[in-house]
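Work through the exercises below with the model in view. Try each task before you read its solution.

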Amino acid sequence: MTDVPSSFEFVSGDPDSPVILHVPHSAREIPGDVRAGIVLEDAGLERELDHITDSHTASIAEAAARAAGVAPWRFVNRLSRLVVDPERFPDEREEMLSVGMGAVYTRTTHKDVLRPDGFDAEPLIERYFRPYARAMTEAVADRLAATGRAVIIDVHSYPSAPLPYELHGDGPRPEVCLGTDSFHTPPGLLAAAREAFAPCGETGLDSPFAGTYVPLEFYGKRAEVSALMVEIRRDTYMTEPGGPAGEGLSRLASALATLIDVASR
């Protein structure tokens, strides 16, 4: 268990900031013992990481945090979502189980085998998923205690063309998709996001990805915890799939910094 704390990083912000930038899917790192349970050959795994990783989103969040007038807090996953996906339900509630992508993935973005049938996910859940969930819960509780509220801005990206695993890939794919929750996304936060990201292209709502991430302890219970998912189409800032970032990154970071400052007021 000694390597569990290094699987994520919580970066301090301004003591008076309620904002937490959550970056769950930016990393490609897979520990060796976890790699051993994945059936793909090395080249196939690298291709899968190209497709599944929200590349450079940690860099966007870091640049936005530096540019913001009031520095937000940042909670960053330092391991690939192929280890565990901290934003999935770890049980039958997760709709992505239907394509082998619950908290521990057993299928790839192209529906090929990632882990063998009968794979026991529980050790990975215990080692990585639960500590991550506890730490994120504590981070939100800390902001609530310090400021009376918490604003979770979830930073993601998605491919310009749908991948086979997507359950809702036939809808609009705007430059910036804003994922919302009927309880946790107040109209003011959504309006601020639309305005902040307007220079980056079209902003859409809940397509191709919907919803927000709120730790279960607060979900549907604490309106002081607000949340918004920001899904950035990858061709706006990088070469797909898995290539380098381009000039769009700084424009998106500036837009995110604008949103952070409005949400901090």
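**Exercise 1.** Decide how many residues of strand β4 (residues 150-158) are buried.

*Solution.* This is a predicted model. Start with the cut-off: buried means under 20% relative accessible area. Nine of the nine residues in β4 are buried, and the strand is mostly covered. Next, take the two faces. Ala150, Ile152, Asp154, His156 and Tyr158 point one way. Val151, Ile153, Val155 and Ser157 point the other way. Both sets are buried.

**Exercise 2.** Describe the largest pocket and say which element gives the largest share of its lining.

*Solution.* The volume is about 1,000 Å³. The lining counts 43 residues. Nearest the centre lie Glu87, Arg88, Phe89, Glu94 and Thr212. Then list the suppliers: α2 (42-52), α4, β4 and β7 each give at least two lining residues. The largest share, five residues, comes from α4.

**Exercise 3.** Locate Phe89 and name the surface patch residues that go with it.

*Solution.* Phe89 sits in the loop between β3 (73-77) and α4 (122-147). Its relative accessible area is 30%, so Phe89 is partly exposed. Together with Leu216 and Tyr219, Phe89 makes a nonpolar surface patch of about 260 Å².

Definitions and conventions. Residues are numbered from 1 along each chain as its sequence is written. This is a predicted model: local features need pLDDT of at least 70, side-chain atom pairs count only at pLDDT 80 or more; totals for chains, interfaces and linings use all residues. Side-chain values use heavy atoms; hydrogens and water are left out. Patches are made of residues with over 30% relative accessible area and no salt bridge: like charges are joined within 9 Å, nonpolar side chains (Val, Leu, Ile, Met, Phe, Trp, Tyr) within 5 Å. Accessible areas come from the Shrake-Rupley method with a 1.4 Å probe; for residues, only the protein chains shown count as cover. A salt bridge is a side-chain nitrogen of Lys or Arg within 4 Å of a carboxyl oxygen of Asp or Glu. Helices (H or I, at least four residues) and strands (E, at least two) are DSSP runs, numbered from the N terminus. Buried means under 20% relative accessible area, exposed over 50%, partly exposed in between (1.4 Å probe, protein chains only). On a 1 Å grid over the protein atoms alone, a cavity is a set of points where a 1.4 Å probe fits but cannot get out, and a pocket is an open set with protein on both sides within 12 Å along at least five of seven lines; lining residues have an atom within 4 Å of a point. Grid points are joined across faces, edges and corners, and a volume is the space filled by probe spheres set on the points.
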